[in-house]
Amino acid sequence: MTNILITGGSRGLGHGFSLGVPDAGDTLWLVSRSRPQSLDREDGVARHWIEADLAQREAGAKIAAAFADRPLDLLLYNAGTWEHNAFSSSYDPTRVSASETEEVLRVNLLSAITCVSELLPNLRKASTGRIILIGSTSGMENNRQPELAYNASKFGLRGLAQALRQTLRGDGISITCINPGSICTSLPYEQGRDAVLRRYGREMLPMHDLVALVRCVRQLSAATQVSEIDVPAMGDVQA
């Protein structure tokens, strides 16, 4: 039995992860503000909900308290929020408030640091602990995207992954940062990958491809460290 914790597990990519990453017999902990629909799914996976807001300073401690002293085999930090009008022609950094910038940085980066720190004792208890951080191609060099806070937060997430590898190498805990491009979250995961390809062709990534990558990483041996995976959509000219 594997214990998995996914942040942002109620909607979009997090919902896809909640359905596609665990196997029957696994125990899955979903962190979100709203109740995940996947809690009602009957597929042999034991699902639990930790109600927490990653924008709040105490989120990491709240998650760790709910998880208690269980060993944690996989921590999947999936969180993504961005500025108003981001990824559109009307985006203007001078119109982004300081509070909005702070929220983006807190959810995407600062909360990742505190969650990992709070859950390190649990990861160390697992025979093969893994951390997977969901970054973005916006956090890569020369990405040509103008969003200030979002880009900075995703760059920072890559820096967090690099620092954690040095800190946790002796513990045998692997850290992987996956940097996807444009992801189709407008179609439900349950509709399947082909539905995404029919509608968007090569312009957007099906969530199912990200699920496949996470499943690949979680199944590797303790001898393997996958540091970073960059996953732009084939037709994404910004990546």
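Visitor: Which helices and strands each supply at least two residues of the lining of the largest pocket?

Guide: In this predicted model, where local features need pLDDT of at least 70, side-chain atom pairs count only at pLDDT 80 or more, and totals for chains, interfaces and linings use all residues, helices (H or I, at least four residues) and strands (E, at least two) are DSSP runs numbered from the N terminus. Residues are numbered from 1 along each chain as its sequence is written, and side-chain values use heavy atoms, without hydrogens or water. The elements are α1 (12-20), β2 (27-32), α3 (98-125) and α4 (148-168), with α1 giving the most, 3 residues.

Visitor: What volume does the largest pocket have, and which residues lie nearest its centre?

Guide: Rolling a probe the size of a water molecule over the atoms shows where empty space is left. A pocket is an open set of points on a 1 Å grid where a 1.4 Å probe fits, with protein on both sides within 12 Å along at least five of seven lines, and lining residues have an atom within 4 Å of a point. The volume, the space filled by probe spheres set on the points, is about 1,200 Å³; of the 42 lining residues, A79, G80, T81, W82 and Y150 lie nearest the centre.

Visitor: How many disulfides are there?

Guide: Taking a disulfide as a pair of cysteine sulfur atoms within 2.5 Å, the count is 0. The sulfur of C115 is too far for a bond, because the closest cysteine sulfur, in C177, is 15 Å away.
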